[in-house]
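Take a moment to turn the model around on your screen.

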Amino acid sequence: MEERLCRRFGRKLSVVGLGTWQLGGDWGQFPEKDAPALLDAAIASGVTFFDTADVYGDGRSERLIGEYLRGRSGRGVTVATKFGRRVPQEAANYSLANFRAWTDRSRTNLGADILDLVQLHCPPSEVIASDAVYDALDRLVEEERIRAYGVSVETCDQALDAIARPGTASLQIILNPFRLKPLERVLPAAEAAGVAIIARVPLASGLLSGRYTEETTFAPEDHRTYNRKGEAFDQGETFSGVDYETGVRAAREFAALAPEGATPAQTALRWIIQQPGVTTVIPGARNAEQALANAAAAELPPLPDETLAAVAELYDREIRGQVHHRW
């Protein structure tokens, strides 16, 4: 699989990584015994980048990855985690003392002396704009608790603030055919600064797979049931903030754009991969089959200009008015 250099981090990451929110159980039940086969399939397909967070299953995702990688140090996998969402979202909680405690917990969960990459996990804007926060993150690097740090954001303005910081190695942001706003300013700014772009929610919480209908239901513990209006966390994390019925309708049109031999999901991933400035995209997967299918998107030829234009037209017609002003 193609790998792209994270310039401020000095590592290459596979263009398709693996998001592991599902290992925490927030996408319906995920048996722990299924984790090794899923991670095996991802690595076998060329994936060298796992993304997790300390809040996914309150550490369960980190722990499962740590247990899997123990004894497999030669696999060459870079693991990124995130912190900051296990406490009230107040600027005072983003202190060096807490950062040390949070990284110690993640180091224990992952079984790592030093964490590869730690990201602020969608904190308030005032945190992203705080000099003291970046001073504390720099201190974690100096103390060899972490190798590098990044920021996961909700809005483009937050993204630009984070990119402007010289120590920011990566920026994680929602990007998919139903979320085009980052293309305007964020991706060019990141590319110019040498900041890696980690594209999350690439399938709009599954909408872009084309498998859902207006009648589809999700488990009660699945955030696609309980967070459609932002009841638990930012609405943009669920279906990219798109109204579900609108998303299903638009996804049917998107599915018709898939080239012969590619699924709608693979088409969405291919679209993201070929956006200038993208380093890696991190779809989730519930089983080995999905992990292999996601990774295969990296082998597809670039989508032609007419397909790119059709995606932009669909977004302008169905999606832009819903979400553009918010994110």
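Glu154, Thr155, Cys156, Ile173, Arg179, Lys181, Pro182 and Trp327 line the largest cavity of this predicted model. Its volume is about 30 Å³, and a search of the whole structure turns up one cavity of 30 Å³ or more. By class, the residues around this cavity divide into four nonpolar, one polar and three charged.

From here, let us move to a helix and its strands. Helix α6 covers residues 156–163 and lies across β7 (146–152) and β8 (168–174). Its direction makes an angle of about 170° with β8.

Both strands belong to an open sheet of eight, and if you trace the sheet you will meet them in the order β3-β4-β5-β6-β7-β8-β9-β10, with parallel pairing. At the edges stand β3 (18–19) and β10 (278–281); each has a single partner strand, so one side of each is left without a neighbour in the sheet. For a look at one pairing, find β4 (residues 49–51) and β5 (residues 78–83), which run parallel and are joined by three bridges. Here Phe50 stands opposite Val79 in β5.

Val79 also leads us to an open space, the second largest pocket: together with Leu69, Val77, Ala112 and Asp116, Val79 lies nearest the centre of this pocket, among 21 lining residues. The elements giving two or more residues to the lining are α2 (60–69), β5 and β6 (115–121). The pocket holds about 380 Å³ of space, and its lining has ten nonpolar, five polar and six charged residues.

Notes:
Residues are numbered from 1 along each chain as its sequence is written. This is a predicted model: local features need pLDDT of at least 70, side-chain atom pairs count only at pLDDT 80 or more; totals for chains, interfaces and linings use all residues. Side-chain values use heavy atoms; hydrogens and water are left out. On a 1 Å grid over the protein atoms alone, a cavity is a set of points where a 1.4 Å probe fits but cannot get out, and a pocket is an open set with protein on both sides within 12 Å along at least five of seven lines; lining residues have an atom within 4 Å of a point. Grid points are joined across faces, edges and corners, and a volume is the space filled by probe spheres set on the points. Ala, Val, Leu, Ile, Met, Phe, Trp, Tyr, Cys and Pro count as nonpolar, Asp, Glu, Lys and Arg as charged, and the others, Gly among them, as polar. Two strands pair if DSSP finds at least two bridges between them. Helices (H or I, at least four residues) and strands (E, at least two) are DSSP runs, numbered from the N terminus. Contact means heavy atoms within 4.5 Å. Axes are lines fitted to C-alpha atoms, for helices over the stretch in contact, and angles run from 0 to 180 degrees between N-to-C directions.
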